[in-house]
Amino acid sequence: MTAGLPVLLRLALRRDRIMLPVWLYALVASVAGTAVSLRQLYPSQGSRDNLALSVNANASLRALYGPLYDTHSLGALTSWRMLAIGPVMIALLSQLLVTRHTRAEEESGRLELVAAGAVDRRAPLTAALVTAGSAGLAIAAAVLALLLGLGQNAAGSLAFALVFPAVGLLFAGLTAVTAQVTQTARAANGLAGAALGAAFLLRAVGDAAGSGGPSWIGWLSPLSWAARVRPYGGDHWWALGLLLAAAGVEIAAAYLLLARRDLGGGLLPQRPGPATAGAELGRPLGLAWRLQRAALRAWAAGLIVFGFVLGGVSKGLRQLINDTPETAQILARLGGTTGAVDSYLSTCMTFLAMAVAVYPVQTVLRLREEETGGRAEPVLATAVGRLSWAGGHLLYPLLGTVVLLEAGALAMGLGTGAVLGDTGGWIGRLLAAGLVQAPAVWLFAAAGTALFGLRPQWTTGVWGLLGLLLLISFLGPTLNAGHWLLDLSPFTHVPRLPGGALHAAPLLWLSLLSGLLAAAGLLGLRRRDLG
């Protein structure tokens with residue numbers, strides 16, 4: 001297992017030398033920003049107790065954030081708030097790392113070249129798991145130092161910090177298993193992502209049920225195990241042991257499955273396609289649809305669930321805002337305008353657009369994957385031109401973004417109408433709110449297209465741009481950042497609907513900038529060498 005491992009580990013860390021610091025900064029900055037905001041909003045014990053009463057008595061809020069067990073310290077509030085989203089973020093990072101260094105390497109053929117040397121077959125998987133585990137430990141160390149610097153209890157800070165590597169290792173082990181079962185990186189990520197989504201829903205259902213309902217459902221989710229660590233409110237170390245034990249079982253299973261399959265193959269055989277290709281595959285647009293449709297459908301399904309949950313929580317948020325005025329201050333800083341529900345929904349729509357922004361980036365990067373994988377060259381050797389080929393793929397960041405925004409907005413309108421009434425009215429207002437977010441999301445696709453055409457080796461850098469601007473959009477308002485910093489994010493310039501005024505000028509400027517960047521990228525693609 002150790003033959004070739006040091007070299008592969010150094011290679012993995014070198015390849016991730018940009019991505020890992022960005023994720024580390026994003027997670028630690030999220031914890032810091034949350035702690036600072038909560039300290040400002042709930043300075044007294046009475047205000048924190050009122051928050052706990054409102055949250056624990058409201059099923060919608062428990063589904064969104066989980067129950068609040070302890071309010072006697074800033075660390076307790078911070079851990080409650082971050083354990084709702086932090087484990088999801090570290091799980092995503094672990095999934096990306098493991099897939100990138102295992103199944104993606106096999107799919108590209110690079111792992112076969114590596115395996116031709118003095119490299120143990122298990123070394124690539126071990127290097128991927130060590131990289132994911134090291135990332136979790138680095139995040140834990142930074143979070144622990146931050147909380148201790150804020151004067152929080154050492155035991156509670158350690159329990160909170162260790163949740164990150166424990167959850168990360170569990171989902172790294174899960175992805176290691178899916179990488180053995182499937183034959184493509186997309187399929188491996190898809191299965192692992194579906195498992196993460198199911199874990200989030202099970203956690204939400206279990207927390208919403210409370211003591212009077214089927215709360216046992218939450219025990220089916222490892223995200224619920226992470227919340228049951230209860231940092232600063234009991235420090236249940238056994239819950240960390242449960243996460244690590246499950247990770248150990250998954251990792252052992254991954255090694256067993258690795259020994260029972262061929263290099264480049266998966267345990268689940270791919271379904272053979274039809275003997276002859278359909279007529280649509282003879283056109284660039286049809287080929288692009290065939291390659292992109294699975295991702296679009298999966299995104300739409302996930303956003304429909306996400307939007308309905310956010311809409312269903314709106315009634316509980318109105319009650320929380322009435323009980324704790326400090327929450328209204330948070331929504332106002334995030335862009336809320338008039339009315340408790342309008343402020344909440346406009347903020348949710350911004351968060352929905354931030355999530356959708358990942359989709360066009362993935363779609364544009366598919367162009368680069370087709371090029372580096374050698375699949376673009378046979379297509380372009382026919383009568384298909386470069387602009388037609390690229391245009392077929394770029395249609396989905398343009399139209400697919402609108403479809404996803406409207407799908408999420410429709411579900412949010414249905415969820416809001418179900419708890420507040422006037423379903424038709426809420427659907428109409430939220431569909432408009434979703435549509436105005438499209439120019440901001442298009443900008444990320446245009447930036448990726450510009451990099452792909454002008455500096456193809458930098459194309460993946462669009463992930464760093466996306467992460468930086470999302471971090472500014474997410475944390476900047478709660479930290480009272482300057483306008484010059486907030487204006488860097490395209491989401492700052494989008495009208496805050498529902499409730500706000502509709503201004504066409506910023507939407508036109510964002511669309512024009514997106515068009516110029518995309519045109520520059522396509523012009524560069526025409527003039528540069530393929531590959």
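So, contacts in the protein chain: of those between residues at least 6 apart in sequence, 77% join residues at least 24 apart, where contact means heavy atoms within 4.5 Å. Before I go on, this is a predicted model, with local features needing pLDDT of at least 70, side-chain atom pairs counting only at pLDDT 80 or more, and totals for chains, interfaces and linings using all residues. Residues are numbered from 1 along each chain as its sequence is written, and side-chain values use heavy atoms, with hydrogens and water left out.

What is the chain made of? It has 25 helices and zero strands; these are DSSP runs numbered from the N terminus, H or I with at least four residues for helices and E with at least two for strands. Of its 531 residues, 49% count as buried. Cut-offs for that: buried is under 20% relative accessible area, exposed is over 50%, and partly exposed is in between, with a 1.4 Å probe and protein chains only. The chain exposes about 22900 Å², and carbon and sulfur atoms supply 67% of that. Those areas come from Shrake-Rupley with a 1.4 Å probe, and for residues only the protein chains shown count as cover.

Okay, a helix pair. At what angle do α2 and α9 pack? Helix α2, residues 19-41, meets helix α9, residues 123-149, at about 35°, with the axes 10 Å apart. The axes are lines fitted to C-alpha atoms, for helices over the stretch in contact, and the angles run from 0 to 180 degrees between N-to-C directions. On the α2 side the contact uses Leu20, Leu24, Leu27, Val28, Val31 and Ala32, and α9 brings Thr131, Ala135, Ala138, Ile139, Ala142, Val143 and Leu146. That splits into twelve nonpolar, one polar and no charged. For the classes, Ala, Val, Leu, Ile, Met, Phe, Trp, Tyr, Cys and Pro are nonpolar, Asp, Glu, Lys and Arg are charged, and the others, Gly among them, are polar. The spacing is worth a thought: an α-helix has 3.6 residues a turn, so residues three or four places apart point the same way.

Is it buried or exposed? Asp16 is buried, at 0% relative accessible area. Leaving aside neighbours within four places in sequence, Asp16 touches Pro21, Leu97, Arg100, His101 and Thr131.

Now α6, residues 86-101: its 16 residues reach 23 Å from first C-alpha to last, close to the 22 Å expected at 1.5 Å a residue. The expected span is 1.5 Å times one less than the number of residues. Here 13 of the 16 residues are buried, so α6 is largely enclosed by the rest of the structure.

Helix α18, residues 358-372, should span 21 Å with its 15 residues, and its end C-alpha atoms are 21 Å apart, which agrees. Eleven of those 15 are buried, so α18 is largely enclosed too. The buried ones include Arg366, Arg368, Glu370 and Glu371. After α18 comes Gly374, with a positive phi near 80°.

The peptide bond from Leu497 to Pro498 is cis, omega near -5°, and Pro498 is in the loop between α24 and α25. Arg230 has a positive phi, near 50°, and is partly exposed at 28% relative accessible area. Asp422 also has a positive phi, about 55°, although it is not a glycine; at 57% relative accessibility, Asp422 counts as exposed.
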